[in-house]
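Let's take a walk through a protein model together.

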Amino acid sequence: MSADGKTHRWKRRILGALGVLLLAACYFVGIRYIVRNLTVNEAEAGESGRHYVALVAKSTTSAFWKSVFAGANAAGTEYNLDLTFCGPENEEDYETQNKMIAEVVEDGAEVIVFSSVDYEANAAAIDAAAAQGVKIVSIDSDVDSTAVSCRISTDNYEAGQMAGQVILDSGPEDMKVGIVNFDKNSANGQQREEGLREVLAGDSRAEIVAAINVLSTTEDAWEGTKQMLLEHPEINVIATFNEWTSLGVGYAIEELALGEETFVVAFDSNVVSVGMLETGEVDALIVQNPFAMGYLGVECAYNLINGTDIGETEVDTATTVITRENMFEEESQKVLFTFD
């Protein structure tokens, strides 16, 4: 796509969704403030006399993770904790994540709130941390370890089922489905696909024509989706399962001018994907509650430190379907922009 084409696209989206952008501007101002404060906390961890909790995420750059960050910071402030936040630059880099686990253990973390890049490849590092007395709370994406004290996430299988039901309820009559998923070793993406497949398999109108796994980046999902659609022009429905792949699919649909012909169900939300929902590249967003994941993860860490009963060891945070029909309703706006 040419630079002029991209500029035109952005101008169109900005003019068409001014209210959305104003809300998002408030969101990112708040996030920058939180990031700055947590950076200070990281430098002072262990020096204040407060308990130290480390949040090791799959990534630090997406709107999803910044919302997790905001929720974690809110709980860290409420419970007077030293809290640090780190993660690799991309959501495939489990080796850097493992190094980060070792580093926060060395720095004296009492609890690690953790989202796994790789269900199996992160397990040894988490087990090693637990062997040194560190408590583990899993959020968003699980890890293959019995050392986890509590798991807080979307019910990913159920979320995939929700996506499948949206397709059956609102998609075309004859559904030729393409699936764009991310890393095969990330538990949440695979569980979402399993839920989707289970629902679609029960309806003879739906046929899964192609399924691909891409890197968890906008660019790779963009290129992978274009290639899939060129190889399978009969596809008229696409399901995709995280923030980066949702953007990549949306850009591919826009570039190929298939917004009218293709029904897209995507996951997560940011300014761009909400704009895509309004302008037609995306037809439904399955939106999680990352703020709650961050908040509840740190709250659970506090309870573990203090020997308090943590209650449920598996916590399902809310998931909501947002469409063009309900996106401007007050409750939908709260879900799309959870910056408070």
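This is a predicted model: local features need pLDDT of at least 70, side-chain atom pairs count only at pLDDT 80 or more; totals for chains, interfaces and linings use all residues.

Accessible areas come from the Shrake-Rupley method with a 1.4 Å probe, and for residues only the protein chains shown count as cover. By that method, the chain exposes about 14400 Å², and carbon and sulfur atoms supply 49% of it.

Residues are numbered from 1 along each chain as its sequence is written, and side-chain values use heavy atoms, with hydrogens and water left out.

Start with the whole chain. It has twelve helices and twelve strands; helices (H or I, at least four residues) and strands (E, at least two) are DSSP runs, numbered from the N terminus. Of the 340 residues, 54% count as buried. Buried means under 20% relative accessible area, exposed means over 50%, and partly exposed lies in between, with a 1.4 Å probe and protein chains only. Contact means heavy atoms within 4.5 Å. Among the contacts with a separation of 6 or more, 75% are accounted for by residues 24 or more positions apart.

Now look at how some helices pack. Axes are lines fitted to C-alpha atoms, for helices over the stretch in contact, and angles run from 0 to 180 degrees between N-to-C directions. A crossing is left-handed if the near helix is turned anticlockwise from the far one by less than a right angle, and right-handed if clockwise.

Find helix 3 (63-78) and helix 11 (residues 290-305). Their axes come within 6 Å and cross at roughly 35°, and this crossing is right-handed. On the side of helix 3, the contact includes F64, S67 and V68, and on the side of helix 11 it includes P290, F291 and M293. By class, this contact has eleven nonpolar, four polar and two charged residues. Here Ala, Val, Leu, Ile, Met, Phe, Trp, Tyr, Cys and Pro count as nonpolar, Asp, Glu, Lys and Arg as charged, and the others, Gly among them, as polar.

Next come helix 6 (residues 156-170) and helix 7 (residues 187-201), whose axes come within 6 Å and cross at roughly 40°. Angles under 35 degrees count as roughly parallel, over 145 as roughly antiparallel, 65 to 115 as roughly perpendicular and the rest as oblique. Helix 6 and helix 7 are therefore oblique to each other, and their crossing is right-handed. Among the residues that meet are N156, Y157 and G160 in helix 6 and N188, Q191 and R192 in helix 7. This contact of helix 6 with helix 7 has seven nonpolar, eight polar and three charged residues.

What about helix 9 (residues 243-255) and helix 10 (residues 271-279)? They pack at an angle of about 40°, with their axes 10 Å apart. That makes helix 9 and helix 10 oblique to each other as well, but the crossing of helix 9 and helix 10 is left-handed. The contact is made by S246, L247, G250 and Y251 of helix 9 with V272, S273 and M276 of helix 10. These residues divide into four nonpolar, three polar and no charged.

Let's finish with single residues. S59 sits in the loop between strand 1 (52-56) and helix 3. Is S59 buried or exposed? S59 is buried, because its relative accessible area is 1%. Leaving aside neighbours within four places in sequence, S59 is in contact with W65, F85, P88 and E91. S59 and N90 are 31 residues apart in sequence and 5.9 Å apart in space, C-alpha to C-alpha.

I212, in strand 7 (residues 206-213), is partly exposed because its relative accessible area is 22%. Not counting residues up to four places away in sequence, I212 touches I179, V180, N181, G224, T225 and M228. The C-alpha atoms of I212 and N181 are separated by 6.1 Å.

N80, between helix 3 and strand 2 (82-86), has a phi near 60°, a positive value in a residue other than glycine. A257, between helix 9 and strand 9 (263-267), has a phi near 55°, again positive in a residue other than glycine. N80 counts as partly exposed because its relative accessibility is 45%, while A257, at 58%, counts as exposed.
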